[in-house]
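Dear colleague,

I am passing on the structure that we discussed, together with some notes on its helix packing, its chain contact and a few backbone details. Please have it open beside this message as you read.

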Amino acid sequence: MKEKHRFSFTMFILTMIFFYLPIAVLIIFSFNEGKTMAWSGFSLKWYQKLFFESEELWKAVFNSVIIAIFSSLVSTAIGTLGAIGMYWYRFRSKKYIQVASYLPLIMPEIIMGVSLLIFFVMFKIPLSLLTIFIAHTTVSIPYVLFIVMARLEEFDYSIIEAAYDLGAKEIDTLFKVILPISMPGIISGFLMAVTLSLDDFVITFFVSGPGSSTLPLYINSMIRFGVSPIINAVSVVLIASTILLAVSTRRFYKYMFS
Amino acid sequence: MKKNYGPVYSLPLGLWITIFFIVPTCIIFIYSFLTKATYGGVQWQFSLEGYKALANTSFINVVWITVYISVISTFLTVLFAIPTAYYIARNKHKNQLLLLVIIPFWTNFLIRVYAWIAILGNNGFVNNILVKLGVIDTYIQFLYNQYAVILVIIYTYLPYAILPLYSSIEKFDFSLLEAARDLGATKAQAFFKVLLPNIKGGLATSILFTFIPALGSYVIPMLVGGKDSMMLGNIISRELTTTRNWPLASSISVVLTVITMIGVLLFLKLNKNNLESIKKLVVREKAGEESI
């Protein structure tokens with residue numbers, strides 16, 4: 001059996017080296033004493049600089065978090081209601097809404113960034129955290145919509161009919177039946193939106209104004225100054241926190257829904 | 001039947017997407033037919049300048065480079081993705097192995113690009129080692145060319161390519177391969193005539209997930225590319241922010257959108273009945289739900 005998979009095994013190992021070598025190098029050099037990519041001794045000074053002497057960076061982190069929370073809340077609300085409306089009902093503009101909310105998934109990011117920038121300038125909306133919030137919400141909505149829809153596909157409409165037959169009003173049905181059963185989908189959608197927002201660089205780059213830096217924008221400006229060990233330290237902290245976050249949300253998810 | 005609440009529920013969605021996606025996209029289309037104003041912006045006067053400016057060899061060259069880099073990167077990505085996905089799908093510990101693919105994919109995009117600058121840059125890891133070993137006296141410039149762009153595109157999109165291939169290979173009935181071999185097919189025949197046709201859906205999806213974002217690349221050529229690797233995304237940004245020729249930036253955006261749509265349509269043609277399953281895949285993919 002082993003013999004048979006020799007080729008795919010080799011390719012798998014090569015892929016893993018390809019994936020992890022760069023990450024390993026970043027991690028190792030974040031503990032480097034010197035400023036360059038030549039090893040000159042172990043030191044935690046870049047972490048010290050990162051945590052205690054990088055006020056601008058933490059301001060950018062704060063902006064990123066604020067935008068991620070608000071844009072995810074709004075896109076989750078809009079996407080969830082949209083999914084409920086489009087999954088069970090037929091109406092005239094449904095086809096249009098379906099196609100229109102499918103398109104952002106395949107539209108190149110740079111086009112969305114450019115078109116939103118032109119839109120904001122045209123309507124004289126000053127570039128700020130608000131415009132970044134709008135852009136991130138727009139990007140996340142289709143993902144939330146499809147994640148929640150996928151969840152709705154799993155249970156049948158008779159549950160809702162039962163609620164109506166037993167005399168529940170629309171609002172009660174929504175809050176007591178539909179939303180609770182879609183909750184796993186809603187939470188995945190929300191987490192997805194948070195991830196997309198924290199990670200987005202291209203669109204943010206176009207719609208951000210002076211003083212509205214996010215973490216990816218800040219990292220970009222650091223990269224443009226050349227290799228800096230602080231970026232290595234930031235990378236390590238980011239990688240560690242995404243893994244931690246992912247593992248713990250997974251735990252939480254399993255605990256809640258199974 | 002109760003009152004139809006569909007439009008009520010979908011109203012915020014319809015409004016938001018219309019105002020912040022459809023309208024801006026239409027504005028770009030309209031801007032591409034207007035006259036440029038001096039400091040950015042446009043004059044409301046019909047003009048074909050935005051498109052006439054595209055009819056020259058340097059622009060056609062950029063389109064060519066964009067398509068060329070995207071095709072080569074997609075091809076190489078899929079070449080690595082198929083055996084990797086196959087190995088994971090046939091392994092006992094597939095969930096753990098899958099997690100190994102998903103972790104780099106969770107890592108911030110800019111950090112993944114930066115890692116390669118730290119490794120291959122002029123003052124990077126590799127150059128430092130080579131100098132120390134006395135192999136070279138001064139640094140070799142590995143970055144700022146097409147190869148660097150292709151390498152980093154592969155690095156960025158390989159996880160996106162592995163996941164859909166994995167899900168279709170996992171569903172494949174491997175006894176078919178054994179049957180083919182028993183009936184005298186060579187390994188290559190079994191692969192091309194039995195496995196490949198059965199994982200067509202996953203293959204098409206992984207091509208789409210690599211090719212479409214590669215076409216729209218902007219950050220990667222900006223950070224690790226050189227003169228030979230200016231892509232459409234880069235000249236859109238240049239016209240928008242440096243040259244401030246907005247009608248031209250708009251017409252190039254229209255061209256990029258059209259090329260992307262052609263790519264998507266070709267893919268849909270390959271994969272007619274798969275639209276729904278792809279939609280789900282996109283979503284599950286990105287959410288990394290596979291590994292639960």
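In chain A, residues A:Ser64, A:Ile67, A:Ala68, A:Ser71, A:Ser72, A:Ser75, A:Thr76, A:Gly79, A:Thr80 and A:Ile84 of helix 3 meet A:Ile178, A:Ser182, A:Ile186, A:Gly189, A:Phe190, A:Ala193, A:Val194, A:Ser197 and A:Leu198 of helix 8, where two residues are in contact if their C-beta atoms, placed from the backbone, lie within 7 Å. By class, this contact of helix 3 with helix 8 of chain A has nine nonpolar, ten polar and no charged residues; Ala, Val, Leu, Ile, Met, Phe, Trp, Tyr, Cys and Pro count as nonpolar, Asp, Glu, Lys and Arg as charged, and the others, Gly among them, as polar.

This is a predicted model, in which local features need pLDDT of at least 70 and side-chain atom pairs count only at pLDDT 80 or more, while totals for chains, interfaces and linings use all residues. Residues are numbered from 1 along each chain as its sequence is written, and chains are lettered from A and ligands numbered from 1 in the order in which they are written. Helices (H or I, at least four residues) and strands (E, at least two) are DSSP runs, numbered from the N terminus.

Chain A is assigned domain 1 (2-45) and domain 2 (55-257), with bounds that come from an automatic or database domain assignment. The C-alpha centres of domain 1 and domain 2 of chain A lie 32 Å apart, and eight residues of domain 1 are in contact with seven residues of domain 2.

Between the chains, the contact takes 74 residues from chain A and 76 residues from chain B. Helix 1 of chain A gives the most to the side of chain A that touches chain B, with 14 residues, and that side divides into 53 nonpolar, 15 polar and six charged residues. Helix 1 of chain A packs on helix 3 (residues 57-90) of chain B at an angle of about 110°, with their axes 8 Å apart, which makes helix 1 of chain A roughly perpendicular to helix 3 of chain B.

Chain B has 14 helices and two strands, and buried residues make up 45% of its 292 residues; a residue is buried if 20 or more other C-beta atoms lie within 10 Å of its own, exposed if 12 or fewer, and partly exposed in between.

Most residues other than glycine have a negative phi. B:Tyr144, although not a glycine, has a positive phi of about 60°; B:Tyr144 lies in the loop between helix 6 (125-132) and helix 7 (146-171) of chain B and is partly exposed, with 19 other C-beta atoms within 10 Å. B:Arg244, also not a glycine, has a positive phi of about 55°, and B:Arg244 is partly exposed, with 16 other C-beta atoms within 10 Å.

With best wishes

Terms used: Axes fitted to C-alpha atoms, helices over the stretch in contact; angles between N-to-C directions. Parallel < 35°, antiparallel > 145°, perpendicular 65-115°, else oblique.
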